[in-house]
Amino acid sequence: MEKFWDLIVIGGGPAGSTAARYASSAGIKTLVLDRSKEIGHPLQCGELVPSNSQLEELCPNVPDIGDLIQLSNSAISRTTDRLDLVTPSGKKLSYPFEGQILNRPIHDSEIADLAIKEGAIFHNNSTVVDIVANRVFLDNGDFFEGKVIIGAGGPHDPLARKYWNTNLTTVPVSFFLLEGHFDNNVEIHFGSMAPGGYAWVIPKKGGANIGVGVQPKFSNNYSVKEKADLFASKFPGEIVYRGGGVIPISGPVQTMVKGNYLLVGDSAGTVFPSNGAGISLAMISGRLAGQSVSEYIKYGTSLLSYQYNWKKQVGDNMKYSKRSFTLGKSLSYAPDWSINMGFNNLTKPLLWRAITCQPILGFF
């Protein structure tokens with residue numbers, strides 16, 4: 001394996017593979033190091049993303065979404081046109097929402113394939129243990145050297161951990177894949193079943209992805225696994241998979257660039273705090289990082305263009321999402337009866353703007 005590269009990307013998820021794709025397409029010699037045996041495994045999320053047209057509506061400053069997000073039919077398990085917010089009493093507030101429920105392992109593998117077609121090299125079973133100057137060291141004693149290094153290894157990314165000390169606020173999640181029949185609507189449940197977060201029912205072909213995300217400080221000593229077990233027990237169907245992980249909810253790091261180091265995706269905190277959505281944002285940040293690296297390598301343009309363009313494209317959405325999350329913290333410890341009362345036709349449009357990262361009152 002060649003030792004010296006223009007760009008080394010740590011992590012082959014949506015953010016890292018997208019960064020590699022766009023850098024490689026500009027002729028940048030790119031190596032992706034991923035610790036998994038197979039890209040996309042293990043499954044770690046609820047698998048829901050907005051359709052391209054829905055994303056264009058939600059994030060109007062992001063250009064060329066059709067080029068960025070290219071999904072085959074195999075990567076999409078099911079589509080939905082409705083999202084329901086569900087109170088503890090079972091009352092639903094329904095909203096039109098064009099969404100796609102992924103076959104996440106296929107989705108991630110296809111993003112990696114796009115990068116490989118552009119010339120990126122993927123090195124799996126590669127656990128990064130240290131980064132010193134331009135060198136990336138693996139647990140087997142091997143090393144590689146890159147002019148630029150991107151950390152795309154999630155909330156516990158080794159580059160972020162060593163050089164950023166990010167201390168991202170994270171929410172643990174636990175979920176199941178169940179076989180069975182489920183309605184087409186996506187459901188987001190609030191209340192004591194998921195304190196400080198929410199529970200979800202996301203329909204898939206032949207079943208559903210069902211899980212919870214909770215903030216431990218509000219969970220009365222119940223683990224996220226126990227909360228997930230209790231929530232999932234409400235639904236019939238055979239469990240065919242169980243997974244978990246963490247979602248950063250504190251918003252992006254203050255600076256995404258330090259010297260020749262960049263952070264993308266979850267490692268940079270590019271997740272909307274008000275809804276936990278991060279897949280599309282990871283790909284947006286990955287594309288911007290890959291483009292910035294290519295301009296840096298070829299023309300000497302500052303890598304800070306990455307963060308500048310990030311703020312230009314999704315900075316307002318992130319600002320509104322953080323604001324909504326702060327205003328909605330009372331839901332973290334509110335009793336179920338108050339949530340039942342607070343979710344009504346008067347608050348319906350306000351709740352939707354908060355979840356979709358828009359100004360709650362149309363201007364604030």
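A pocket is here an open set of grid points with protein on both sides within 12 Å along at least five of seven lines, and its lining residues have an atom within 4 Å of a point. The structure examined is a predicted model. In this model, 37 residues line the second largest pocket, for which a volume of about 790 Å³ was computed. Phe190, Ser274, Ser324, Gly328 and Leu331 are the lining residues that lie nearest the pocket centre.

Two or more lining residues of the second largest pocket come from each of the strands β10 (170-179) and β12 (198-204) and from each of the helices α8 (305-327), α9 (336-342) and α10 (348-355). The greatest contribution is that of α10, which supplies four residues to the lining. Classified by residue type, the lining of the second largest pocket comprises 21 nonpolar and 15 polar residues, together with one charged residue.

The cysteine residues were also considered. The structure contains zero disulfides. For Cys59, the closest cysteine sulfur is that of Cys357, at 7.2 Å, and this separation is too far for a bond, because a disulfide requires a pair of cysteine sulfur atoms within 2.5 Å. Cys357 likewise takes part in no disulfide, its nearest cysteine sulfur being that of Cys59.

Key. Residues numbered from 1 in each chain as written. Predicted model: local features only at pLDDT ≥ 70, side-chain atom pairs only at ≥ 80, totals over all residues. Heavy atoms only, no water. 1 Å grid on protein atoms, 1.4 Å probe; cavity = no way out; pocket = protein on both sides within 12 Å on 5 of 7 lines; lining within 4 Å. Points joined across faces, edges and corners; volume = space filled by probe spheres on them. Nonpolar A, V, L, I, M, F, W, Y, C, P; charged D, E, K, R; others polar.
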